[in-house]
Amino acid sequence: MGQHATCKEAKSQAQTPRFVLNASVSLLWFLIDEPPDLRAKARLLLDDIMLGRVAVHVPDIWLFEVSGGLVKAVHSKRLTITQAQAALSMVDALVALPNWHTHFHNRDWFYSDVARWAMGYSVSFYDAVYLFLALRQQATFWTADQRLYRFLAQTKRWRKLPVQWIGNYKVKW
């Protein structure tokens, strides 16, 4: 019986869409002064994450970028300290989900490999970390950075990687 459940679980995981989320997408969950249409799409994605409909893969720098974005939002009066603390509590809850996977440098990826790769592919180091992870995980890369999205979509060498802009997110179930 246990083996059957394990096989069923493995099949379910294989069918679950795999996403790598750029921090720009995640910050839309919390920054209320961002464009409402993008926030709505990001919230749909968040709902799918919370319901376990998608598997999320992020590099450990995601935690720094999201936390840093929240601190910056407090300093610029875009969020109150209370709102930022609530957002950080939500981040803690997200990373504890069984469908949320954080990948760590020096274990799952190496700074030097990603830096060489970024130089060769004309992307920033931070963007390269997410893209490198998406390729390794055979996952769709989601971003709220429209300039990055256009660059990746229009550059021939990136066409093999599924890249999506959050403004195009649709619920599929």
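Buried means under 20% relative accessible area, exposed means over 50%, and partly exposed lies in between (1.4 Å probe, protein chains only). The model on screen is predicted, so local features need pLDDT of at least 70 and side-chain atom pairs count only at pLDDT 80 or more, while totals for chains, interfaces and linings use all residues. Residues are numbered from 1 along each chain as its sequence is written, and side-chain values use heavy atoms, with hydrogens and water left out.

**Stop 1: T143.** Select T143, in strand β4 (residues 140–143); helices (H or I, at least four residues) and strands (E, at least two) are DSSP runs, numbered from the N terminus. T143 counts as buried because its relative accessibility is 0%. Its side chain reaches the backbone nitrogen of D145 at 3.0 Å. Apart from residues up to four places away in sequence, T143 touches N22, S24, V25, L148, Y149, Q164, W165 and I166; contact means heavy atoms within 4.5 Å.

**Stop 2: the core.** Next, select L21, W29, I49, W100 and I166. Of the 55 residues in the largest nonpolar core, these five touch the most other members. Helix α7 (residues 125–137) gives the largest share of this core, seven residues. A nonpolar core is a set of buried Ala, Val, Leu, Ile, Met, Phe, Trp, Tyr and Cys residues joined through side-chain atoms within 4.5 Å.

**Stop 3: H103.** Move to strand β3 (residues 100–103), where H103 is found. H103 counts as buried because its relative accessibility is 10%. Show the side chain of H57 too: the side chain of H103 makes a polar contact with it at 2.8 Å. A polar contact is a pair of N or O atoms within 3.5 Å; within protein, one must be able to donate a hydrogen and the other to accept it, and residues adjacent in sequence count only if both atoms are side-chain atoms. Leaving aside neighbours within four places in sequence, H103 is also in contact with residues including D60, D108 and Q137.

**Stop 4: two loops.** Select K77, in the loop between α4 (61–75) and α5 (81–95). K77 counts as exposed because its relative accessibility is 73%. Its phi is positive, about 65°, although K77 is not a glycine. Then select S122, in the loop between α6 (111–121) and α7. S122 is another residue other than glycine with a positive phi, near 60°.
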